[in-house]
Amino acid sequence: MAPRNGPQGPYPYPTNTDWSDKAFEAIANTCKDEGLVPLPEAAVKHGLAPALGAGEAKRIVETQRSGRRVLRQTAYHVEGRGTPQAMLCLNVDLHGAGSLPWWLNDRTRTGWVRSTPEAVDLQAKLVSAEISLARAEAALRRAKSATRKTGSVATQVEKEAAQDALKGAEERLEEAKEQRKKAEAALNERRPLPRIETHREDGRPTAALATELLPVEVAASIQKYATAMLRKRGQMRPYDLEESLVQEGQRDRATVVLQLFRMTGLDGEAIEAWRPVRATGNNRADCCLEIYGLQAHQIITGVPQPLLLLDGEKEDPALILRGHGSILRRLSARLNAQYANPDRDVDETAERAKKIAQVPVRVVVGAAVPERLEASLRELNVHDHLRGQLAFVDTERSLALWSSIVKAYQDNDLLTDLLLNQAAQDGSAPDAVLDTVALADALLGSGSLEPLAALLPATEPVTSHALRDAAIRCITAMMFPLVPPRPAGQRPGAHRRTGRYWPIVREALMEAPWGTGNGTSGQKVRRRAEVWATAVAQQFVHRGNLLAATGAFEGIDVQEGVRLDRRSLAELLSACEDGDKQAWSTLVRRHLLAGMINAPEPFITAGQGSEIAANRKGVRRTPVNAVDALIRAYAKPDHPDVTPQMLLSFARSILQAPDATEGFPGRPAGTFPAPDTNGMARPGVLADKEWFDDLFPKLPRENAQDQEQEQEEGLETDQPPQEENRKEDEEDLEPPAYTRDQYESQSARMARLRLELIDQVRATRAALETAAEQVASLKSLAEDAGHARLLAGAEPAAPEIVVIHLQDVRAILAMAEGLSVPLTDTVKAVIDL
């Protein structure tokens, strides 16, 4: 329980060792009773117990008559009971500064890049540049202080020396800023996604997480970056969260998990820090620490002793407080002492933080399958954001949806079947055993791509670009799974069986049923294309505009799926060398497109008004136009420098560029010189959008006929001739509205018209049957009227009345006779169906 040797007040002290042991015993016994795996004892002793609120350990522990300690029934609950995602959550209050934001926040997921050896090396250079910048800033402050101290008593020589030192410090600061700017540009202003895995103790998994081994300065840099990304997203919030916490406190329970931070100090010593991290409520955790006057990275790597100096203690700037209990004990003692002062200022930390002295949370202390713990927590994080109050930007929303789709495939045990059936390449083992957890990490951008090697041909070398291409194939197959063909003899309009895979995507994206088609505005294909583009962008350091993938897929791709070419990259390139036009079309559409969008110098952009600026390169064109121009150039080049050798050299450069560690002189890694007619690099000529648009000019509208002829000659495309390049494309600053022609292929149009024909035939027949009934009624009524006149012995109707009726009846007869011609033509048209 709380120690009694510190000032008493609202801020809790760490739980003592005795109750910490009792709490772990109760957690372990309860997990055993529930059939769950508990977290390790060290996580409770060094991470959870120090952060528990006042009296919480005693409240949650219950001693049975046998002396066995368990958790009270009211202190915990099991989420997802009976499923692999089951978690035992402890409902407790934690110290307001006892937890910190999680690195794996899906709201900021696009701010990270896949962790590769090249990216890790670039991060090390960036951290070194950040340290150099911090030292340069400190040196400048000292130089300015020294200059101010040179008053009237200083000699002229001393004043000049101080000014020279100040000038030198300013120059070194500018150099440090430039180095940091270059290091950030190499990573496209992002950071490698840190690897977080299931914690293991004696080889057995536990209900806790652990980071990979990181230098302490890198861990601090990662946390600073993660916090900065959170605050950037938080700017969209319509209210001040920090002031809200000060005035109202935290009402909702956030989900917390214990995580072990493995680090190495500056002198090589091993540092391990157990900390509670929030899987949900990350922004609130950051604001709480801000209110307490601390930073998240300090909670991980250590707080300088002067920041938590106690009364009567001597300041020691070199002392770093690393223990979680030590940090929170000193913090509570300082704040309780401030709070005890009746004359305290309302803006003092003790007063501002009193409503978050303790905050309600649910701590994960047990899991059914610890290996699934991270995925389950990320799913909670996604759910929290998709249905939260803070706006979820398109890229993060799409990544959250992609995460849901991957998890849905996993939960239904369909991930292996789908990838082996639809994404595996010729020459791969048809009965390969795939690690679904590692596959999911790879496809989500948080793990290595090595597990995808099982989908590659066994006879070809496993390269980085081949693995990345395999990942793109998998994403395509998962977003646009094949739908079983319609059974022979099934009448049009009958219920279509969509197989096992299509409903997975539909449910995750909350789409309308298959029978509704692509919707009235192409919303299905547009949403799937956005998710596809976002998931694919995770495979690249540089991320392009999501709208650049507009037109990459059609409505028929949603309805029937995308059938991928099973040939490997090497086989496709070889076929292109042999003059295979279809192989070139496939290579461009399904394998080069992602690299041309997500390049340091993108070749395909969204082509919308937002790109109109002085620094915009090339011409304004739709993404589909750029793709069609590149495909057309293989058979009908529009520039003398375009040759098959040049095109294949360009294709290989696009595929290999993301793995490059160097680039065009003065440009970031991944840029490359333009190829010449022989496929050799042209010195001094950068391959960028301006060069691309020059060699592959914008296709005018009249080239639609040429594209149709190319399809007849064998250059089949899975994209219909596009009616782009209208005058509005050059003048409209806003994206044009989606029309049916932009998403509906001829095959989809044929299927739709056949269904509409059925309805129209039924409507016409019903109308004619009604007309026939009306004619029969007319005939009967006329006959009855004549018979009634005879029975009455009356005179015939006036001649002018009879003439009017005759004219009307003859007009009706003419209309009926006129139906024979279009009906005869309709019979002929139906024969041609």
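A salt bridge is a side-chain nitrogen of Lys or Arg within 4 Å of a carboxyl oxygen of Asp or Glu. The legends below describe close-ups of a predicted model. By this rule, the count comes to 39 salt bridges.

**View 1. Asp 659 and Arg 468 form a salt bridge.** Their closest N and O atoms are 3.0 Å apart. Asp 659 lies in the loop between helix H23 and E17, and Arg 468 lies in helix H16, so the pair ties together parts that are 191 residues apart in sequence. Asp 659 is partly exposed, at 26% relative accessible area. Arg 468 is buried, at 7%.

**View 2. Arg 231 meets Asp 286 in a salt bridge.** The closest N and O atoms are 2.9 Å apart. Arg 231 belongs to helix H6 and Asp 286 to helix H8, so the contact ties together parts that are 55 residues apart in sequence. Arg 231 is partly exposed, at 34% relative accessibility. Asp 286 is buried, at 5%.

**View 3. Helix H8 is largely enclosed by the rest of the structure.** Just after H8, Gly 293 takes a positive phi of about 85 degrees.

**View 4. Strands E17 and E18 form a hairpin.** The two strands pair in the antiparallel sense over 2 bridges. Pro 673 stands opposite Leu 686 in E18. Between the strands are 5 residues, and Gly 679 in the turn has a positive phi of about 85 degrees.

**View 5. Five Glu residues form a negative surface patch.** They are Glu 170, Glu 171, Glu 174, Glu 175 and Glu 178. Glu 178 is found in helix H5. Glu 178 is partly exposed, at 39% relative accessible area.

Technical notes:
Residues numbered from 1 in each chain as written. Predicted model: local features only at pLDDT ≥ 70, side-chain atom pairs only at ≥ 80, totals over all residues. Heavy atoms only, no water. Patch = residues over 30% accessible without salt bridge, like charges linked within 9 Å, V, L, I, M, F, W, Y side chains within 5 Å. Areas by Shrake-Rupley, 256 points an atom, 1.4 Å probe, with all protein chains shown as cover. Lys, Arg positive; Asp, Glu negative; His and termini not counted. Charge placed at Lys NZ, Arg CZ, Asp CG, Glu CD. Helix = DSSP H or I, 4+ residues; strand = E, 2+ residues; numbered from the N terminus. Buried < 20%, exposed > 50% of the residue type's maximum accessible area, 1.4 Å probe, protein only. Pairing = 2+ DSSP bridges.
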